[in-house]
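Q: Could you take me through the features of a structural model one by one, with the general idea before each case?

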Amino acid sequence: MIKKRGRRAVLAAALVLALPACGEGFGGGPVPQQTGPAALRVLISSSGEAETRAVTAAAQQWAAAEGHTVTVIPAQDIAQQLGQALAGSDPPDVFYVDAARFADYAAVGALEPYAERLPAAGDFYPALRQAFTYQNRFYCAPKDFATLALQVNGRLWARAGLGAADVPRDWAGLRTAASRVKAVGIVPLVLDSSFDRVGAFMLQAGGWPVSDDGTRATADSPQNRQALEYVQGLLRDGLARYPQQVDTGWAGEAFGRGMTAMTIEGNWIRGALAADYPGLAYTVHELPAGPAGPGTLSFTTCWGISARSRFKAQAVGFVEAMTTADAQLAFARAYGVMPSLVSARQAYLREFPADEPFLAGADYARGPVNAPHMDRVMSDFDSQLARLAVADPAVMLRRLQRNITAALER
């Protein structure tokens, strides 16, 4: 699954945010709980048939062992379907929640804050816990995750006279290597024109759009400006291109077609390249560090439990089973995700050693902007980033600062 900011959640967010936060039960007071056998409904945003089969099989195995029934529902558009379900009277008991949407749902009381009660609560990567923490409460268990890394085309790298020692470790090294690649007529780097890629440079510079607690805009900062000016310099000097500038749909396509020596994508690119460009020889490396050190972005979903579920205890038991190390490793084999548990790290690397650069990023990754009402704000920023080569970074950041401040004051 190619992770970039979606716009389809606007409708869902509007439906959810139109409802008042009324504490437990999300709009109707405490929900009577049923004990004994449960009939759970689980709404998922599947990446494909492999994920649907794996989750369904795991759910059925758990249900048979525990005496429950589980219906797994693959969503056609989970943002719309979940928004409508939460706005109605009978939402699914368990559902995937994208980290970029999490704060919207948590802010209105749609989610049961159960995650801290899980036996494995302290075993999730800190960055993933933070992604699903709102007002100091850890709400829902991270299902799995991905991070960004640097991919290098071996053939084009060699054509530019570069070797393993030239793989960039920092911003200066990235510019130097890109300049040498450009000198032989090859596009050095193609990356997506969104915060979901450029935001990594902001983190590497020591900046971020919001404060750590998600209550204050910090977009208009020297660190964020330094990051945008660095990426702008790459674009203006022909050392980087956006996918549309090389007539491709996404950076992975440009990389797979041999149109660029480097790209910045998540570990989903492994499956995409194997399927569409099976002969491509490439290597994967941690992202170059910035002035403030290493930094990458994480992309994750959690197992959300509805605050209006009649089977909360059973739903927590289901999530606990789905997030064990064994279950997550089975999902990794089935559809290529990285386990969210620190304790599963070594077992995962034994089976997937090529993913070490992606997994290394877990130690310094950061998830999406974790605050309510951010979808439209960040989508607007994406539109500004598309014009970064000709725009004024200071103006862009002042606009982002105003928009975040207004959204947080809602």
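**Reading burial, pairing and packing**

A: At 5% relative accessibility, L43 counts as buried, where buried means under 20% relative accessible area, exposed over 50% and partly exposed in between (1.4 Å probe, protein chains only). The model is predicted, so local features need pLDDT of at least 70 and side-chain atom pairs count only at pLDDT 80 or more, while totals for chains, interfaces and linings use all residues. Residues are numbered from 1 along each chain as its sequence is written, and side-chain values use heavy atoms, with hydrogens and water left out.

Q: Where is L43 found, and which residues is L43 in contact with, leaving aside its neighbours within four places in sequence?

A: L43 belongs to strand β1 (residues 39–44); helices (H or I, at least four residues) and strands (E, at least two) are DSSP runs, numbered from the N terminus. Contact means heavy atoms within 4.5 Å, and by that criterion, with neighbours within four places in sequence left aside, L43 is in contact with I73, A75, I78, Q81, L82, P92, V94, F95 and Y96. For F95, which is 52 residues from L43 along the chain, the C-alpha atoms of the two residues are separated by 4.5 Å.

Q: How should I read the two faces of a strand, and what covers the faces of β10?

A: In a regular strand the side chains alternate between the two faces of the sheet. In strand β10 (residues 296–305), ten of the ten residues are buried, so the strand is largely enclosed by the rest of the structure. One side carries T296, S298, T300, C302 and G304, the other carries L297, F299, T301, W303 and I305, and all of these are buried.

Q: Which strands pair with β10, and in which sense, parallel or antiparallel?

A: Two strands pair if DSSP finds at least two bridges between them. Strand β3 (residues 94–98) runs antiparallel to β10 and is joined to it by five bridges, with G304 as the bridge partner of F95. Strand β6 (residues 141–153) is also antiparallel to β10, through six bridges, and here A141 stands opposite W303. Strand β11 (residues 365–366), in contrast, pairs with β10 in the parallel sense over two bridges, where R366 is the bridge partner of L297.

Q: How is the packing of two helices described, and what are the values for α7 and α9?

A: Two packed helices are described by the angle between their axes and the distance between the axes. Axes are lines fitted to C-alpha atoms, for helices over the stretch in contact, and angles run from 0 to 180 degrees between N-to-C directions. Helix α7 (residues 171–183) packs with α9 at an angle of about 10 degrees, the axes being 11 Å apart. That makes α7 roughly parallel to α9, since angles under 35 degrees count as roughly parallel, over 145 as roughly antiparallel, 65 to 115 as roughly perpendicular and the rest as oblique. W171, L174 and R175 of α7 make the contact with Q226, A227, Y230, G233 and L234 of α9.

Q: Why is α4 described as largely enclosed, and what lies at its start?

A: Eight of the nine residues of helix α4 (residues 99–107) are buried, so the helix is largely enclosed by the rest of the structure. The buried residues are A99, A100, R101, F102, A103, D104, Y105 and A106. At the start of α4, a side-chain oxygen of D98 reaches to within 2.7 Å of the backbone nitrogen of A100, and α4 is followed by G109, which has a positive phi near 80 degrees.

Q: Is Q135 buried or exposed, and what is its phi?

A: Q135 counts as exposed, at 62% relative accessibility, and its phi is near 50 degrees, a positive value in a residue other than glycine. Q135 is found in the loop between β4 (133–134) and β5 (137–138).

Note on methods: Polar contact = N/O pair within 3.5 Å; in protein donor to acceptor, adjacent residues only side chain to side chain.
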